[in-house]
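Student: I would like to go through this model term by term and ask what stands behind each label.

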Amino acid sequence: MTGARRRHLLPRVAFSIAETAMMLGKKAAALRRECERKARREGDHLVAHLALGIRAHKYDGRWFLTVPRELLP
């Protein structure tokens, strides 16, 4: 993908564990466990780098996942 085209894509969007699990065809509990296993501390919260460019952020005890625009339906 060229740089000019990349700039026109919308930014990533945050989803809950349940919403992301439904998009990926996984169970929410399995996705939550994967986030917990891969989590690393960055500043004052946890971040997990998952497959396909998906990132999970944990704030106040809740996971929020950012999904690349290319993966959104």
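**Labels and their cut-offs**

Student: Why is His57 called buried?

Tutor: His57 has a relative accessible area of 14%, and buried means under 20%, exposed over 50% and partly exposed in between, with a 1.4 Å probe and protein chains only, so His57 is buried. The model is a predicted one, in which local features need pLDDT of at least 70 and side-chain atom pairs count only at pLDDT 80 or more, while totals for chains, interfaces and linings use all residues. Residues are numbered from 1 along each chain as its sequence is written, and side-chain values use heavy atoms, with hydrogens and water left out.

Student: Which residues does His57 touch, and what counts as a contact?

Tutor: Contact means heavy atoms within 4.5 Å. Not counting residues up to four places away in sequence, His57 touches His45, Leu46, Val47, Arg62, Trp63, Phe64 and Thr66. His57 itself is found in strand β4.

Student: What makes β1 and β2 the edge strands?

Tutor: The five strands form an open sheet in the order β1-β5-β4-β3-β2, with antiparallel pairing. Within that order β1 (13–15) and β2 (39–42) are the edge strands, since each pairs on one side only. Neighbouring strands of this sheet are turned by 30° against each other on average, direction ignored.

Student: Which helices pack on the sheet, and at what angles?

Tutor: Axes are lines fitted to C-alpha atoms, for helices over the stretch in contact, and angles run from 0 to 180 degrees between N-to-C directions. Helix α2 (residues 17–24) touches β1 and β5, and its direction makes about 40° with that of β5. Helix α3 (residues 28–38) lies across β2, β3 (45–49), β4 and β5, running at about 55° to β2.

Student: Why are α2 and α3 called roughly perpendicular?

Tutor: Their axes come within 8 Å and cross at roughly 110°. Angles under 35 degrees count as roughly parallel, over 145 as roughly antiparallel, 65 to 115 as roughly perpendicular and the rest as oblique, and α2 and α3 are therefore roughly perpendicular to each other. The contact is made by Ile17, Ala18, Thr20 and Ala21 of α2 together with Ala28, Leu31, Arg32 and Cys35 of α3.

Student: How do the residues of that contact divide by class?

Tutor: Ala, Val, Leu, Ile, Met, Phe, Trp, Tyr, Cys and Pro count as nonpolar, Asp, Glu, Lys and Arg as charged, and the others, Gly among them, as polar. On that basis the contact of α2 with α3 divides into six nonpolar residues, one polar and one charged.

Student: What makes Asp60 and Leu52 exposed?

Tutor: Asp60 has 84% relative accessibility and therefore counts as exposed, and Leu52, at 60%, also counts as exposed. Asp60 lies in the loop between β4 and β5, and its phi is near 50°, a positive value in a residue other than glycine. Leu52 is placed in the loop between β3 and β4 and has a positive phi of about 65° although it is not a glycine.

Student: Is Pro73 buried or exposed, and where is it found?

Tutor: Pro73 is found in the segment after β5, and at 91% relative accessibility it counts as exposed. The C-alpha atoms of Pro73 and Met23 are separated by 8.2 Å, although the two residues are 50 residues apart along the chain.

Key. Pairing = 2+ DSSP bridges. Helix = DSSP H or I, 4+ residues; strand = E, 2+ residues; numbered from the N terminus.
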